[in-house]
Amino acid sequence: MRPTTGWQADSATRTLLREALERRDLRPDDIAVRIEYCGVCHTDLHALQAHESDANGVLVPGHEFTGVVTEVGSAVLDFSPGDPVAVGNLVDSCGMCRMCQAGQENFCREFPTLTYGGADRRDGSTTLGGYSREYIVTNRFAYHLPAGLDAAAAAPLLCAGVTVWEPLQALGVGPDSTVAVAGLGGLGHLAVKMATGLGATTSVISRTLDKADEARDLGAQGFVVSTDPKQMEAVRDQFDVVIDTISAPHDLAPYLRMVAMDGTLSHLGHLGPVTVETLDLLIGRKKLSSAGSGGRPSTAAMLHFCAEHGITADIELLPSSEVNRALERLARNDVRYRFVLDMSDLD
Ligand SMILES: [Zn+2]
Ligand SMILES: [Zn+2]
C-alpha cells in the first residue's frame, strides 16, 4: 500500500481531521495522481451528515479534483508522469451494460463506483475521496486537463460542470435556444456560463433581485424574480429549456409554466418524490426531465468546450486546512460560487 494524507471524517466531533491514509498499489491500468485542487460539493456535506449515523465507516470526501500524474501502471498508454489531469465523481463502472456502452457510465446498471464511499469493483474496499494528497484511479476515469484551464477553477467542472453540461447537450441547447437557470449557486452559475457559451439567450430565475448584477456578469441577459407573480407571468411559455438547480424541495409548477411548447424542465440532482399536475405538461406538450453527473465522453467534451470558451468556476480558494470552515460556510450557502481546497499543505 502507498501512504498518503487526507481529511477524514470524525463522527464524534462532526469534523474532518488530518489523518494518514493508504492508497492501493498501482494496478496495470491505474495512474497515481498528486491532487493539487479539490472542489467542495454539496454532496460532501450530505455525506458527512449521513456519516454521523455510521461511525464504523471511513469517510474521506471530495469528488472533483485536478492534479498531476506521478506514476502510471504497466498497461497505461494514454497518460504519462507530469500530465495535468482531472477526476470527477465516478472512478469505475461495469463497462458492459447498455448505459456504459452508450458512454453513460453515470447511469451504469450495476451502479458506478463513486469516488468516495463506493466499493472498489475488484477488491471491495471503500473508496476514499479527493480531500487528500494522492488518488489512485483507473486511467479510464481520469481526463486530460486541457491547457489554458486554471487547475483550481477547473476542479468544480468535474462534478458541477458535467452535471449542467449533460442536460444542455442532451436537450440540444445552441444559438437558437432560450434557456432559464433557476438558482444561482455552484451548479447554476456554471449553467449560465455554459448556456451562454453555447450561444443560447439565457435568463436567471432567483428569489430576490440580489443576484441580478452577478447574473449579468456571468452572461445572463434576463433576470426573473420568482417571488414576483407579474414577472413570472411575463415569462410564461417562454424558455425552450429550464435548468432547475434548486436542491431544496419545491413546487415544480411555476417552472413548468415558463417552459415553451415542446420544451423541457430539467431538474439537476436528486429531488425525491414530487407531485406534478399533468395539465402543466399537457398544455404545451412540455417535458419534465432530470440529470446528474456525466459519462466519460461528455466529461471529456465538456472540458474541451470549457477550454475553448475560457469557462471555469468562480471559486474561493482555501488551504485544505480550512476544510471544516468551508463546509460550515457551504451549509449556509455563504460562497460565490464554489470552494476549492489547495492540497499543497498536506505535504
Ligand atoms: Zn459533487
Ligand atoms: Zn454499466
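This is a predicted model: local features need pLDDT of at least 70, side-chain atom pairs count only at pLDDT 80 or more; totals for chains, interfaces and linings use all residues.
Strand β1 (residues 2-10) and strand β2 (residues 15-23) run antiparallel and are joined by 9 bridges. One of the pairings can be named: P3 has E22 in β2 as its bridge partner. Between the two strands of the hairpin there are 4 residues, and R14 takes a positive phi near 55°.

The chain is assigned two domains. Domain 1 is made of 2-159 + 294-346, and domain 2 covers 161-291. Taken over C-alpha atoms, the centres of domain 1 and domain 2 are separated by 28 Å. At the boundary, 19 residues of domain 1 are in contact with 14 residues of domain 2. On the domain 1 side, helix α10 (residues 296-309) supplies the largest share, with 6 residues. By class, that side of domain 1 has 10 nonpolar, 7 polar and 2 charged residues.

Helix α10 can be examined on its own. α10 has 14 residues, and from its first C-alpha to its last it reaches 20 Å, close to the 20 Å expected at 1.5 Å a residue. The buried residues in α10 are R296, S298, T299, M302, L303, F305 and C306. These buried residues of α10 are covered by elements that include β5 (84-87), β9 (143-144), α4 (160-170) and α5 (186-197). Just after α10 comes G310, which takes a positive phi of about 65°.

Not counting residues up to four places away in sequence, V181 touches G188, A191, V192, A195, T202, V204, I205, I243 and T245.

M232 and I205 are 27 residues apart in sequence, and their C-alpha atoms are 9.2 Å apart in space. M232 is placed in helix α7 (residues 229-234). Is M232 buried or partly exposed? M232 is partly exposed because 17 other C-beta atoms lie within 10 Å, whereas a buried residue needs 20 or more. Leaving aside neighbours within four places in sequence, M232 is in contact with V224, S226 and P254.

E110 lies between α2 (98-101) and β7 (113-114). E110 is partly exposed because it has 14 other C-beta atoms within 10 Å, and a residue counts as exposed at 12 or fewer. E110 touches C94 and C97, residues up to four places away in sequence not being counted. For E110 and C97, the separation is 13 residues in sequence and 8.0 Å in space, C-alpha to C-alpha.

How values were computed
Residues are numbered from 1 along each chain as its sequence is written. Chains are lettered from A and ligands numbered from 1 in the order in which they are written. Two strands pair if DSSP finds at least two bridges between them. Domain bounds come from an automatic or database domain assignment. Two residues are in contact if their C-beta atoms, placed from the backbone, lie within 7 Å. Ala, Val, Leu, Ile, Met, Phe, Trp, Tyr, Cys and Pro count as nonpolar, Asp, Glu, Lys and Arg as charged, and the others, Gly among them, as polar. The expected span of a helix is 1.5 Å times one less than its number of residues.
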